[in-house]
Amino acid sequence: MAVTIKELDAAQAEARMDELAVVLLDCVAGGASVGFMADLSTERARVFWQGVAGQVADGKRHLFVALDDAGRVCGTLSLVVDMPDNQPHRADVSKMLVHRSARRQGVAEHLLRALEVKARELGKTTLVLDTVTGSDASRVYERTGWQRAGDIPNYALMPEGRFCSTTYYFKPL
């Protein structure tokens with residue numbers, strides 16, 4: 001599958017709200033611990049993305065999407081740049097979501113590369129993220145040069161309700 005990576009502005013995010021919701025719903029249905037429980041509704045997913053679009057409009061977040069051959073959103077990733085005053089050099093990486101139909105095809109790596117280019121353009125020198133310990137995502141991060149900082153047990157819940165630990169990663173740029 002050929003994938004195209006695009007950074008969306010707020011209006012573009014609003015226009016693709018349904019596609020973004022589909023990706024989030026699919027990831028949660030597939031068991032991803034990304035901040036939502038198994039009973040996630042389409043409306044709740046849309047509310048989440050509306051908040052993201054608002055942050056994009058306010059300059060607090062940069063939203064990247066992967067588009068499949070048909071031009072549909074099949075993955076997302078955010079660069080959160082709204083940091084405290086003493087951390088202007090840092091940004092958080094958030095909501096790496098890849099639809100199950102598009103996994104293991106390099107989508108996540110393409111998204112990460114685009115995000116890192118943007119972070120450098122913005123003068124960021126340190127990126128930070130967390131993901132479920134031992135997850136497929138953790139292997140992607142390690143394969144792309146992220147350094148493991150440590151694990152926190154019982155950090156969050158999986159969509160069906162069991163505890164999971166998280167691993168923090170960082171990447172100097």
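Arg 104 lies in the loop that joins strand E4 (90-98) to helix H4 (107-121); helices (H or I, at least four residues) and strands (E, at least two) are DSSP runs, numbered from the N terminus. The model is a predicted one, in which local features need pLDDT of at least 70 and side-chain atom pairs count only at pLDDT 80 or more, while totals for chains, interfaces and linings use all residues. Residues are numbered from 1 along each chain as its sequence is written, and side-chain values use heavy atoms, with hydrogens and water left out.

The phi angle of Arg 104 is positive, near 65 degrees, in a residue other than glycine. Most residues other than glycine have a negative phi. Arg 104 is exposed, at a relative accessible area of 76%; here buried means under 20% relative accessible area, exposed over 50%, and partly exposed in between (1.4 Å probe, protein chains only). A positive phi, near 50 degrees, is also found at Asn 154, again a residue other than glycine. Asn 154 belongs to strand E6 (residues 147-157) and counts as exposed at 52% relative accessibility.

The chain contains five helices and seven strands. Along the sequence these elements follow the pattern β-α-α-α-β-β-β-α-β-α-β-β. The radius of gyration is 15 Å, close to the 16 Å that the globule rule gives for 173 residues, so the chain is as compact as a globular protein of that length. This radius is taken over C-alpha atoms, and the globule rule is 2.2 Å times the number of residues to the power 0.38. Taken along the principal axes, the C-alpha atoms fill a box of roughly 35 × 35 × 30 Å.

Of the 173 residues, 45% count as buried. Among contacts with a separation of 6 or more, 60% are between residues 24 or more positions apart, where contact means heavy atoms within 4.5 Å. The chain exposes about 8500 Å², of which carbon and sulfur atoms supply 50%; accessible areas come from the Shrake-Rupley method with a 1.4 Å probe, and for residues only the protein chains shown count as cover. The mean positions of the 21 positive and 22 negative charges are 3 Å apart. Lys and Arg count as positive and Asp and Glu as negative, whereas His and the chain ends are not counted; the place of a charge is taken as NZ of Lys, CZ of Arg, CG of Asp or CD of Glu.

Helix H2 (residues 17-29) has 13 residues and reaches 18 Å from its first C-alpha to its last, close to the 18 Å expected at 1.5 Å a residue. The expected span is 1.5 Å times one less than the number of residues in the helix. The buried residues of H2 are Met 17, Leu 20, Ala 21, Val 23, Leu 24, Asp 26, Cys 27 and Val 28. They pack against helix H1 (10-15), helix H3 (42-57), strand E2 (61-67), strand E3 (73-80) and E4. Gly 31, with a positive phi near 95 degrees, follows H2.

Two residues of the loop between H2 and H3 were examined, Gly 35 and Leu 40. Gly 35 is exposed, with a relative accessible area of 68%. Its C-alpha atom is separated by 8.5 Å from that of Met 158, 123 residues apart along the chain. Leu 40 counts as buried at 13% relative accessibility. Residues up to four places away in sequence not being counted, Leu 40 touches Leu 24, Leu 25, Val 28 and Ala 45. The C-alpha atoms of Leu 40 and Gly 54, 14 residues apart along the chain, are separated by 21 Å.

Val 65, in strand E2, is buried, with a relative accessible area of 0%. Neighbours within four places in sequence aside, Val 65 is in contact with Thr 4, Ile 5, Lys 6, Leu 8, Leu 20, Val 73, Gly 75, Thr 76 and Leu 111. Val 65 and Ala 102 are 37 residues apart in sequence and 13 Å apart in space, C-alpha to C-alpha.

Thr 131 is part of strand E5 (residues 126-132) and is buried, with a relative accessible area of 13%. With neighbours within four places in sequence left aside, its contacts are Ala 137, Ser 138, Tyr 141, Ser 165, Thr 166, Thr 167 and Tyr 169. Of these, Ala 137 is found in helix H5 (residues 136-143) and counts as partly exposed at 24% relative accessibility. Ala 137 and Lys 60 are 77 residues apart in sequence and 24 Å apart in space, C-alpha to C-alpha.
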